Amino acid sequence: MSHSPRNRTVTSCTLLVVSLGAGITACSSDGHPLSAEPYDAAEQVSLNAPVDDGKKADPDKPLEITAEGSDGRITDVTATDAAGRYVAGELSADGTRWHSTSPLAAGARYTVRVSTEDEDGAPGRKVLAFDTSRPTTKKRLNVKFGPDAGTYGVGQPVTAELSAPLKDKVARAVVERALKVVSQPAVEGGWHWVDAKTLHYRPKEYWPAHATIRAYSNLAGIKVAERLWGGRAKPLKLTTGDRVEAVTDASAHSMAVYRNGEVIKQIPVTTGKPGFETRNGVKVVLGKEYFVRMRGTSIGIAEGSSESYDLPVYYATRVTWSGEYVHAAPWSTGSQGSANVSHGCTGMSTGNAAWFFKTVRPGDIVKVVNSYGDTMPAFGNGFGDWNLPWQKWRKGSALVEGPRPEDRARLQPESV
């Protein structure tokens, strides 16, 4: 080329901000070449938001940055709010335009860093800041993570309860992208919509032993649907202990308890008899109760029938909300290891039940195989999440096509 932009005389003012009637101008003090500042292509960018002039940008509108004129191009744009959330965007092939592909948060302050280069490749950089207006409605979508903070077994899913139901797939996608779960060590995982207000998050496999898991929301200020905006959520931190798995073979009347892959105890047991078969599949320990009064009426057995019972039960480890436990059953010790005589629970001697009760914690895995019972349902009666194959689990995501690069970047903070 016949000229160098860095030696060019600056003869006119450059418009940096043009939205909402707000403008900032920059020009040289006179027309003499030696008094002009070096040419910088970043001075030729335009942002469609008011920059530091007291006005507020509309968070419903996409953010756009354009390169004015033909002497420079945009090479990179980074837009973040004060909470560290990134705004995903796309840059045109010719570098003349960048636009956001994810919504802005309301009531937030954004910093935009624009990198450019001129026609000779000389770099430029511009940093701009603006505020977004607050939403006109006070309706908020709040999120509560579960379980309570603490240490759990490697089978414990993370849950998210919404304050209002969402049926629209687009709104669900906005929420799902904003709900983050990270672990150390890192594992592949994903959300599954259980119903319109409930999501569960689990890894493809179980959590690693002795992992740290954090769940947090980037939904605050984000528009979810018409007249509905994201609220704030308390973050959650969990840790996992050893990998403890109890595997019961109903046909062999035996339970093997594993810790980190090694058998630590074999226990003779009895499981559900015909008509009351124990559910197959993976269950997760929900809690432990030293004493429970168990009645047949709680599972639909009429009082006074031949199957009726009313028993004090000790060392009861709950695995379903409907009343399936692993517990002490001293009345059936003669059948433990040889026959299935219970009404669906896994029974064992008092000594073994006490050992089991002390060994396991909520989130540990209790698996039953070779029973004539149905498979534990994935949802509604505890945590049967692991009974869904991974591909079916992923189909419960509102992001059914899988995360795109912009999805992964969207609302991702620089650090947790």
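# Close-up views of a predicted model

**View 1. R243 is partly exposed, with a relative accessibility of 31%.** Here buried stands for a relative accessible area under 20%, exposed for over 50%, and partly exposed for values in between, found with a 1.4 Å probe and with protein chains only. The model is predicted, so local features need pLDDT of at least 70 and side-chain atom pairs count only at pLDDT 80 or more, whereas totals for chains, interfaces and linings use all residues. Residues are numbered from 1 along each chain as its sequence is written, and side-chain values use heavy atoms, leaving out hydrogens and water. The side chain of R243 meets that of E245 in a salt bridge of 2.8 Å, N to O, a term that requires a side-chain nitrogen of Lys or Arg within 4 Å of a carboxyl oxygen of Asp or Glu. E245 counts as buried because its relative accessible area is 15%.

**View 2. E289 and R318 join their side chains in a salt bridge of 3.2 Å, N to O.** This pair links distant parts of the chain, with E289 in strand β26 and R318 in strand β27, 29 residues apart. Strands (E, at least two residues), like helices (H or I, at least four), are DSSP runs numbered from the N terminus. E289 is partly exposed at 26% relative accessibility, while R318 is buried at 16%.

**View 3. A network of salt bridges links D60, K223 and E226.** E226 is exposed, with a relative accessible area of 66%, and K223 is partly exposed, at 23%. The whole structure holds 11 salt bridges.

**View 4. T80 lies in strand β6, which covers residues 72-81.** T80 is buried because its relative accessibility is 9%. Leaving aside residues up to four places away in sequence, T80 touches R85, Y86, R109, Y110, T111 and R113, where contact means heavy atoms within 4.5 Å.

View 5. Of its 32 lining residues, the closest to the centre are I299, Y309, H343, G344 and C345. A pocket is an open set of points on a 1 Å grid over the protein atoms alone, where a 1.4 Å probe fits, with protein on both sides within 12 Å along at least five of seven lines, and lining residues have an atom within 4 Å of a point. Strand β26 gives the most to this lining, with four residues.
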